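Q: Hi! Could you walk me through this one, starting with the charged side chains?
A: Happy to. Here it is.

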Amino acid sequence: MSDNGQGKRPVLASTEELKGKKAAPVRAGKKWILPLALVLLLAGGWALYTKTSLFTPETPVATLPPDTSVKLIDRLKPDFDRVTVNKKGEAPYTIVSNIQYDADGKAIDEPDKPLFSVEGMDFFTLNVSYCSTMSNNATMLSARDTAAVDAQDLAEFGLLEPSLTVDIGYRSGEKTRLSFGDKTPVGGSHYMTMDGGKTVYVVASNAFDAFDKKLNEMHNLALPQQVDATAVKSLLIEQPGKDTIELQVIEDAQSTSISTLYLTQPIEYAAHSERSMELFEAVGVLGLSGYVGHTSAPEEKQIYGLDVPRAHVRFEDKYGQALQLWVGGSAGDGQSYVQIDQSGDVYTAPDDQLAFIANARTAYLVDQFANLVNIKMVDRLTVTGNGQTYALSIERAKSAKDDGTEEVVETYKFDGVDAEEKQFKGLYQDIIALMVDQMAEGTEQPGDVIATVRYQLNTGRPDIVIEYVAQAANSEYALVRQDG
């Protein structure tokens with residue numbers, strides 16, 4: 001037997017060593033199957049991985065742009081004292097904070113004291129929201145970016161002659177000046193410098209807008225009195241050369257009308273409820289569009305047509321709140337000059353909100369029901385016409401109830417004969433439901449009476465007499481005349 005190429009035979013294991021081992025039988029020629037299966041398994045996993053991972057685009061990770069903002073002012077609200085606004089082409093003005101704070105920095109409530117005021121103009125009522133926005137920006141302001149650290153040419157940013165300069169004073173005694181220049185080409189921002197420096201900042205336009213106000217824009221446009229149009233007491237409308245119109249709600253237990261709303265000028269008559277409510281609601285939603293200025297001398301009022309107003313409106317509600325309005329001349333652009341109460345302040349108001357004044361006409365506001373009389377106050381109603389007279393009557397008697405209280409029992413009669421309640425009230429409703437079409441010209445109208453309705457009342461008041469008068473000129477209509 002030959003050796004293994006090295007001249008030595010292989011050393012075999014002993015019998016004792018072989019007894020302790022059990023070798024798995026392996027068939028000759030099949031040794032490659034297990035390695036192949038392992039290779040295929042790994043290859044399949046790799047294919048699955050590459051399909052779901054390697055060839056699937058990865059989701060890009062969002063990256064935030066660098067933060068270029070700069071905090072310019074960072075103070076507590078109680079430190080704000082005043083701000084002077086110098087808008088190019090306008091007179092400067094100073095807004096002063098009257099708000100006092102306690103030791104914890106909370107504002108002290110002083111209802112009789114305005115939160116803000118214009119220095120030297122105590123009569124000027126400010127828009128608190130606008131003032132608060134100024135105060136907020138005067139104590140907390142950041143720039144979006146820095147446009148130039150040491151600008152050599154401020155004119156490049158519109159800052160050589162700023163369009164708006166704001167001087168802020170703090171209760172600590174410190175001061176800060178903000179100068180605003182041009183609007184940036186993109187981004188809705190403005191260029192700004194602080195305290196005369198050459199570092200140009202980019203600030204959001206809302207900071208610029210907070211201070212970019214003319215004095216008149218800062219005036220409060222809310223009406224001094226908020227009246228409740230649903231709780232009307234009276235409405236008076238006067239116009240030169242026209243009838244004065246006055247509407248009143250009369251809560252009178254002795255009133256004969258179903259309605260409580262009356263015209264009291266120029267005539268006393270029940271008012272058309274829906275049309276009257278249109279006027280009440282128009283006053284209730286009236287809004288002001290702008291502040292013009294303060295007037296005191298007659299020649300100043302003449303400028304706005306308020307020396308001889310084209311209308312005077314006075315509204316009062318049941319809670320004692322009253323509003324007076326004088327309407328002057330046209331301010332253009334669909335606006336008119338108006339004065340509220342006796343303040344001397346002149347505003348503008350949209351013409352479409354003042355259109356209700358044109359409907360202050362007797363013919364428009366009278367109740368269209370010719371004889372709307374409350375049935376509870378009627379004992380007898382007679383209708384006369386064409387030579388005939390018909391009578392509807394109600395007999396009322398008190399009757400004791402089982403619980404010891406009394407009730408009123410009503411008996412309905414037609415020409416003295418008992419009638420059913422439903423039929424009686426249906427006929428009564430037909431009589432009082434007659435509606436007029438329009439107001440006649442003048443109170444003296446000739447013509448023959450063709451029908452009369454007379455109401456006899458149980459209130460002690462005189463009878464109510466409604467007459468229907470024929471018209472020679474127009475046979476299709478009859479005139480309706482109440483109590484002559």
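A: Let's begin with Arg 75 and Asp 79, whose side chains form a salt bridge at 2.7 Å, N to O. A salt bridge here is a side-chain nitrogen of Lys or Arg within 4 Å of a carboxyl oxygen of Asp or Glu. Keep in mind that this is a predicted model, where local features need pLDDT of at least 70 and side-chain atom pairs count only at pLDDT 80 or more, while totals for chains, interfaces and linings use all residues. Residues are numbered from 1 along each chain as its sequence is written, and side-chain values use heavy atoms, leaving out hydrogens and water.

Q: Is Asp 79 buried or exposed?
A: Asp 79 is buried, with a relative accessible area of 15%. The cut-offs are under 20% relative accessible area for buried, over 50% for exposed, and partly exposed in between, using a 1.4 Å probe and protein chains only.

Q: How many salt bridges does the count give?
A: The count comes to 17. Among them is the one between Asp 81 and Arg 82, at 2.8 Å, N to O. Asp 81 is buried at 18% relative accessibility, and Arg 82 is partly exposed at 28%.

Q: Which salt bridge does Arg 82 make with a Glu?
A: Arg 82 meets Glu 119 at 2.7 Å, N to O. Arg 82 lies in strand E2 (residues 80–87) and Glu 119 in the loop between strand E4 (116–118) and helix H3 (128–139), so the pair ties together parts that are 37 residues apart in sequence. Helices (H or I, at least four residues) and strands (E, at least two) are DSSP runs numbered from the N terminus. Glu 119 is partly exposed, at 48%.

Q: Which residues end up in one network there?
A: Asp 81, Arg 82, Glu 119 and Arg 171 do, joined by salt bridges that share partners.

Q: What about a charged residue without a salt bridge, say Asp 345?
A: Asp 345 is buried and has none; the nearest side chain of opposite charge, Lys 301, is 11 Å away. For charge, Lys and Arg count as positive and Asp and Glu as negative, with His and the chain ends not counted. Asp 345 sits in strand E19 (residues 345–350).

Q: Which side chain does Asp 345 have a polar contact with?
A: Tyr 291, at 3.0 Å. A polar contact is a pair of N or O atoms within 3.5 Å; within protein, one must be able to donate a hydrogen and the other to accept it, and residues adjacent in sequence count only if both atoms are side-chain atoms.

Q: Switching to the backbone, where should I look?
A: Most residues other than glycine have a negative phi, and most peptide bonds are trans. Asp 195, though not a glycine, has a positive phi of about 55°, and Asp 415, also not a glycine, has one of about 50°. Asp 195 is in the loop between strand E9 (189–194) and strand E10 (200–204), while Asp 415 is in the loop between strand E22 (406–414) and strand E23 (417–418).

Q: What is the peptide bond from Gln 265 to Pro 266 like, cis or trans?
A: That bond is cis, with omega near 0°. Pro 266 belongs to the loop between strand E13 (261–265) and strand E14 (269–270).
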